[in-house]
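Open your viewer and get ready to click around. We'll go stop by stop, with something to select each time.

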Protein chains: 2
Amino acid sequence: MSEYQLHCFAQSGNAYKAALMLNLIDAEWEPIWVDFFNGGSKTPEYLAINEMGEVPALVDGANIITQSGVILDYLSSKHGKFGATSADHRREIMRWILWDNHKLTANIATARSMMNFLAPEKRKQDVIDFLIGRAKTALKVLDTRLATQRWIVGDTMTTADLSCVGYLFFDGEFSIELADYSKVARWRDSIAALPGWKHPYDLMPGHPLAERKSA
Amino acid sequence: MSEYQLHCFAQSGNAYKAALMLNLIDAEWEPIWVDFFNGGSKTPEYLAINEMGEVPALVDGANIITQSGVILDYLSSKHGKFGATSADHRREIMRWILWDNHKLTANIATARSMMNFLAPEKRKQDVIDFLIGRAKTALKVLDTRLATQRWIVGDTMTTADLSCVGYLFFDGEFSIELADYSKVARWRDSIAALPGWKHPYDLMPGHPLAERKSA
């Protein structure tokens, strides 16, 4: 059995944050597919793993860790990669992970979900427009940040980058042109160029077009 | 001058998370009012303090700390209160703070803002309904958690409680009956009973009805 198991599904950018970290550090891991679109994250069995009813959940022996930001912190501490070198540095990384969860991922993920995965009769254009507007505000903040530095925190890639980039490889599935945020686009491409990088649909199971992107 | 200054305004539940912590630990602190509703968090001067354009920002001498979750972690480490006793404990606290930012605060705060602070012609009922629906899902998760334990993490109050409770004292300003989540309501009342507790409108400046609640 692999060292880690990751409860995930291909369409989840939050699960991807953890899966990408695992791949970039060359960890031994295997995905466990959660049938999210048929309620697989709300079953009693899954709620016993994560009462929040969310993916990802990382299994490390007897430990189960949830919330992508915590998984990233855990893996960086354990493997000594992409993590902090001081308490202040760690807080600066967590500052961007929290911001991502609140302002970037929350809006992009929810808009994309409504645009792609919700029955058409349940889609509300006002809601999509509202979320996309907020996501654009967040992308502007990130673009400004990346105008003066290559990575979000400090001189090297950290888990803050992995958190913030999670949903940005799904571009084309939400109504934002990433090219309009040129520093963000450049930074995203530099992550895609790292050894071990894979597109979410190639890294996690369950997408009908899995393996299409890097095939 | 006080030990700490907190950039904040009365209506911000995120600033309140930090302000309440400062009051509960009996820190010497003073608020610095941000004129949020007139763009005060987006001025060049304020963006130099926090490029994310958000409150709160905590000033501790030469250090400026932003994101409520990071401020709570910083203060708990520095003062040895409401914090973690081990690395695992700290991650469990951060798990709930991240969840709060993503699923509870993000939805309640945004719905409340639209219902109360946006010009009526800009309010979108579909957006409010959507956000309130997601906030109710989050409150159900929290209510289930609090059915089996008094505090969110472990046997004592932690910063996870302070983060999650931040917006719940603004009930009456968003369309959720907190009484429908009886464990959450009980837990919130137990926080309100702590020495040093004050309502946000009594703790931070700028609300027209400041000091109305505990007057």
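Which residue forms a salt bridge with Asp73(A)? Select Arg91(B): that's the partner, and the closest N and O atoms are 3.5 Å apart. A salt bridge here means a side-chain nitrogen of Lys or Arg within 4 Å of a carboxyl oxygen of Asp or Glu. Across the interface of chain B and chain A, the rule finds eight of them.

Quick housekeeping: this is a predicted model, where local features need pLDDT of at least 70 and side-chain atom pairs count only at pLDDT 80 or more, while totals for chains, interfaces and linings use all residues. Residues are numbered from 1 along each chain as its sequence is written, chains are lettered from A and ligands numbered from 1 in the order in which they are written, and side-chain values use heavy atoms, with hydrogens and water left out.

Next, show the whole interface. Contact (heavy atoms within 4.5 Å) takes in 35 residues from chain B and 35 residues from chain A. Together the two chains bury about 3,300 Å², 62% of it on carbon and sulfur atoms; buried area is the accessible area (1.4 Å probe) that two parts lose on being put together, summed over both.

Last stop: select Leu142(A). Beyond residues up to four places away in sequence, Leu142(A) touches Trp96(A), Trp99(A), Leu104(A), Ile152(A), Cys164(A), Val184(A) and Trp187(A).
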